[in-house]
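I opened the notebook to look up charged side-chain pairs. My entries follow the structure.

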Amino acid sequence: MQLVLEKRAERSRTVALISPLIAIGLTIVTMTILFAVMGKNPILALYVYFIAPLADGYSLQEIAVKATPLVMIAIGLSLCYLANAWNIGAEGQFLMGAVAGSWIAVKTQGTEAGHWVLPAMLLFGAIAGALYALIPAICKVRFGASEILTSLMLVYVADLLLDYLVRGPWRDPQGFNFPTTAEFDPVATVPTLIEGGRLHLGSILALIVVAAGAVLLGKTIKGFEIRVVGAAPRAARFGGFNANQLILLTFAISGALSGLAGIIEVAGPVGHLQPGISPGYGFTAIIVAFLGRLNPVGILIAGLFLALTFIGGEQAQIAMKIPLDVTKVFQGVLLFYVLACDSLILYRFRIISSSPQVARGTH
Amino acid sequence: MELIEAIILSVLAASTPLLLAATGELVTERSGVLNLGVEGMMIVGAACGFGGAWLTGSIIVGALCGMIAGTLMSLLFAGMALGLAVNQVATGLALTIFGIGLSGLIGAGFVGERITPAPHLYIPFITNIPLIGRILFGEDGFVYLSLALIAAVWWFLYRTRAGLIVRACGDNHVSAHALGYPVLRIRMYAVMFGGACAGLAGAYLPLAYTPFFIPGMTAGRGWIALALTVFASWRPGRLVIGAYLFGAVTILQLHAQGAGIGIPSQFMSSLPYLATVIVLVLLSRARTGGSTAPAALGTVFVPDR
């Protein structure tokens with residue numbers, strides 16, 4: 001008896017639709033076991049994680065606030081992954097966007113600068129993110145260097161640059177020696193949508209990005225090229241599509257969106273530049289992209305779900321003393337199940353009895 | 001003289017985890033599997049290695065715990081990438097994200113604890129020889145183990161039939177399968193070896209490099225190990241050179257900081273990462289006449305029946 005994979009004649013549409021749900025279900029089962037092993041009441045833990053945050057207005061706003069960067073970054077990443085370009089350095093592009101945008105905020109601090117400041121910051125953030133993403137893309141296209149490794153190495157570099165700036169030249173003199181810039185001026189801050197709330201304009205921008213992503217992929221020739229280059233590189237060559245150009249384009253868009261997300265996060269919910277502005281948004285967005293099936297609407301839903309795990313994780317830490325790392329374990333397990341379930345779209349399991357051919361398998 | 005000795009000793013110590021992890025990944029990749037989860041396997045190895053040593057007081061038990069943890073993590077990867085034919089890049093990323101969370105969870109109880117680090121070899125008289133004595137005969141056991149391991153891997157890959165089969169799986173899994181070799185099983189063993197090495201490399205950090213565990217202490221070493229296999233063109237000999245060069249860059253920045261050079265420490269700390277990018281670019285550029293990577297590296301294989 002042996003379990004083997006058998007290629008399906010065509011992609012299974014039913015499995016494609018329900019596989020993210022199966023993945024979430026399996027993840028919840030796994031987490032229930034983990035909570036029990038940790039000696040926590042699993043039912044209560046699941047309630048605190050997934051239900052409680054949905055029950056009050058403040059948490060709902062927080063979910064939207066957390067989902068904003070995740071969705072923006074993941075839309076860009078999905079373009080890269082569809083084109084078979086592996087940008088996994090979104091975290092670094094996020095940080096660079098935050099740094100570049102903050103530069104304007106820091107330089108105009110306490111001056112009479114007008115309302116041009118915030119738009120300029122957003123623009124700078126997006127450009128810096130795009131340029132930073134183009135480094136691995138150019139290294140890949142010109143020299144054939146693995147974009148996976150180079151984009152990831154640059155995350156550490158961006159992290160150290162941010163650290164240097166807030167401990168050195170940009171440090172707030174009144175900050176009691178904490179490594180942070182001063183609070184940004186009101187003109188350098190993303191406006192909130194609800195009086196006294198935390199929901200901010202960036203969430204609207206994220207929705208616009210989702211719509212733009214859907215149009216790009218669904219209605220334009222560029223979107224078609226991206227899909228073909230990723231899915232069938234040979235066909236794309238015959239079709240005259242320039243794969244290298246698409247790598248540069250998708251990395252640039254992806255970096256711009258990550259950078260934009262970075263400066264929005266700093267100028268919005270955080271309010272100043274400091275280390276630890278991201279609880280790993282750039283990496284979690286990879287999960288969001290896959291859970292959303294590299295589809296803009298799917299990514300929006302997946303982003304909200306992953307944001308829920310961040311908020312639920314914080315509440316579980318406060319209410320039940322469950323370590324925050326459980327959230328990362330949860331996210332990793334979820335990604336595993338998403339990928340595993342995706343395998344069933346292309347393959348089906350078959351149990352075969354031991355045949356001579358299989359038994360012969362050793363050398 | 002003493003400064004040179006100190007520098008060489010610290011370079012060897014900084015290089016050893018890189019060499020161990022990269023040795024494992026070299027074998028994995030030679031079998032045709034790209035496991036990007038090295039960082040995840042390392043960091044879980046670090047947490048479990050420290051936990052094992054702290055609970056039992058034995059460095060060897062700690063090292064074994066690290067190796068077992070790394071192997072279990074790699075089996076997770078093997079089940080996905082080989083058993084379910086899932087994209088290897090995505091699975092490797094998942095392994096790293098999962099590993100970072102898991103290691104934080106496992107290690108939460110150990111933060112702030114200390115152990116006695118792995119002892120250094122001491123042979124009377126010989127170890128006392130100036131300069132070379134301590135460098136050649138005064139290291140901790142992991143340093144010798146890592147060098148023995150890479151030598152064994154060289155011998156295995158190039159001097160044994162099994163090694164030839166592993167390389168065949170990495171270069172052309174269809175042919176290897178047609179010849180009757182169980183490609184998936186061979187790859188699983190290679191992945192497990194990679195996991196054990198990564199786990200040991202992670203365990204080296206709290207067992208010998210620093211005597212305590214902190215979350216995230218691998219700090220990208222797993223990714224640098226991945227870059228090292230590219231640097232080495234998948235050859236064991238070059239891997240040793242590469243690992244020691246990278247160890248040297250790491251130590252260079254530490255000593256430069258200590259010497260009070262007027263460059264901000266963060267710029268010096270970013271050197272190993274920048275060096276990785278530059279090395280990858282230079283090597284990929286220098287490589288003419290096609291890539292030296294195993295031809296089937298990173299491709300999914302589902303046997304026909």
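This is a predicted model: local features need pLDDT of at least 70, side-chain atom pairs count only at pLDDT 80 or more; totals for chains, interfaces and linings use all residues.

Entry: A:Glu314 and A:Lys66.
I found a salt bridge between these two side chains, at 3.8 Å from N to O. I then looked up where the partners sit. A:Glu314 belongs to helix 12 (residues 296-320) of chain A, and A:Lys66 to helix 3 (residues 57-82) of chain A, so the pair ties together parts that are 248 residues apart in sequence. A:Lys66 has 11% relative accessibility and counts as buried. A:Glu314 is partly exposed, at 33%.

Entry: A:Lys140 and A:Glu147.
Here I read 3.3 Å, N to O, for the salt bridge between the side chains. A:Lys140 has a relative accessible area of 30% and is partly exposed.

Entry: A:Lys328 and A:Asp325.
I noted a salt bridge here too, with the closest N and O atoms 3.8 Å apart. Where do the two residues lie? I place both in helix 13 (residues 325-346) of chain A. They are 3 residues apart, about one turn of the helix. I logged A:Lys328 as partly exposed, at 34% relative accessibility.

Terms used. Residues are numbered from 1 along each chain as its sequence is written. Chains are lettered from A and ligands numbered from 1 in the order in which they are written. Side-chain values use heavy atoms; hydrogens and water are left out. A salt bridge is a side-chain nitrogen of Lys or Arg within 4 Å of a carboxyl oxygen of Asp or Glu. Helices (H or I, at least four residues) and strands (E, at least two) are DSSP runs, numbered from the N terminus. Buried means under 20% relative accessible area, exposed over 50%, partly exposed in between (1.4 Å probe, protein chains only).
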